[in-house]
Amino acid sequence: MLELRHVTKRYHGIPVVHEVSFAIAAGEVLGYLGPNGAGKSTTVKMITGMIEPTHGQVLFRGRNIHDDLPAYRARLGYVPEEAQVYTHLSGLEYLQLVGRLRGMPEALIERKARGLLELFSLKTALESPIHDYSKGMKQRVLLSAALLHNPDLILFDEPLSGLDAVTARIFKDLLVALRREGKAVLYISHVLEVVEQVCDRVVILSHGAMLADATPKELIQMNQQPTLERVFAQLVQQTDTASLAEDLVHVMQVDHA
């Protein structure tokens, strides 16, 4: 459904994303991982059509997304990493705005917006301004907005941020349900335990280049590590966090006298 072919993005001649290629089929959840600065956000901007690749193509159902960007975005749902919403609106008003911008009929917007917000335990806050919402509540509004128009492709960028344990569990079950409904899902997260549980495949990025594209099980077996978290640390040459923690405690305990 979604395919990136040799996608490269350069700024002032410097590659931020270099020769990235992967595909997400209908009914598949793909985890997209990398340390901070790896190029994940730039990749997302190219997938959403906010920026164009310097080289390569982003294809949706075999067609370059920039051939008809509005039609492509009509089939795309997106939960950004930061909850950027109009805080003077209520949760219901925000979804009504999103639905109208997507050209949905008013009666359908009302039915689906109320239904989604109630299922995300926001019934009592439907008409309260978003500036009174907690971070987790704002995140649930963004999740509702991404699902409102029944998209075929959904991008989740750190969607668990601010969510309580129950809503996080609901989200994991939601990914399973979306897969069953034939949706293509790109899931970006630093919570590797969840990625290991819910993703069919994982792409690992470092310094803008792909290091791996395989199932979590295959990555664990190939790298002879017990968990995906350990695989990730090995592939991106992550700092020895245990040693670093000991050093931090040592510095903390230095006698100021």
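**The open sheet**

Author: Four strands form an open, antiparallel sheet, and their order is E2-E1-E4-E5. This is a predicted model, in which local features need pLDDT of at least 70 and side-chain atom pairs pLDDT 80 or more, while totals for chains, interfaces and linings use all residues. Residues are numbered from 1 along each chain as its sequence is written, and side-chain values use heavy atoms, with hydrogens and water left out. Helices (H or I, at least four residues) and strands (E, at least two) are DSSP runs numbered from the N terminus, and two strands pair if DSSP finds at least two bridges between them.

Reader: Which strands stand at the edges?

Author: E2 and strand E5 (63-64) do, and each has a single partner strand, so one side of each is left without a neighbour in the sheet.

Reader: And how many bridges link E1 and E4?

Author: Strand E1 (residues 2-11) and strand E4 (residues 55-60) pair over five bridges in the antiparallel sense, and within this pairing Leu4 stands opposite Val58 in E4.

Reader: Which helix packs on the sheet?

Author: Helix H1 (residues 40-47) packs there and touches E1, E2 and E4, where contact means heavy atoms within 4.5 Å. The direction of H1 makes about 120 degrees with that of E1; axes are lines fitted to C-alpha atoms, for helices over the stretch in contact, and angles run from 0 to 180 degrees between N-to-C directions.

Reader: Changing topic, is E3 mostly covered or mostly open?

Author: E3 is mostly covered, since six of its six residues are buried (under 20% relative accessible area, with exposed over 50% and partly exposed in between, for a 1.4 Å probe and protein chains only). Glu28, Leu30 and Tyr32 point one way from E3, whereas Val29, Gly31 and Leu33 point the other way. In general, side chains of a regular strand alternate between the two faces of the sheet.

Reader: Are Phe22 and Tyr32 buried or exposed?

Author: Phe22 counts as buried at 4% relative accessibility, and Tyr32 counts as buried at 0%.

Reader: What about Phe156 and Phe171?

Author: Their ring centres are 5.0 Å apart with the planes at 90 degrees, so that pair is edge-to-face. Phe156 lies in strand E7 (residues 153-157) and Phe171 in helix H6 (residues 165-180), so the pair ties together parts that are 15 residues apart in sequence. Phe156 is buried, with a relative accessible area of 0%, and Phe171 is buried as well, with 1%. Phe156, Phe171 and Tyr187 form one aromatic cluster.

Conventions
Phe/Tyr/Trp six-rings, centres within 6.5 Å; stacked < 30°, edge-to-face > 60°.
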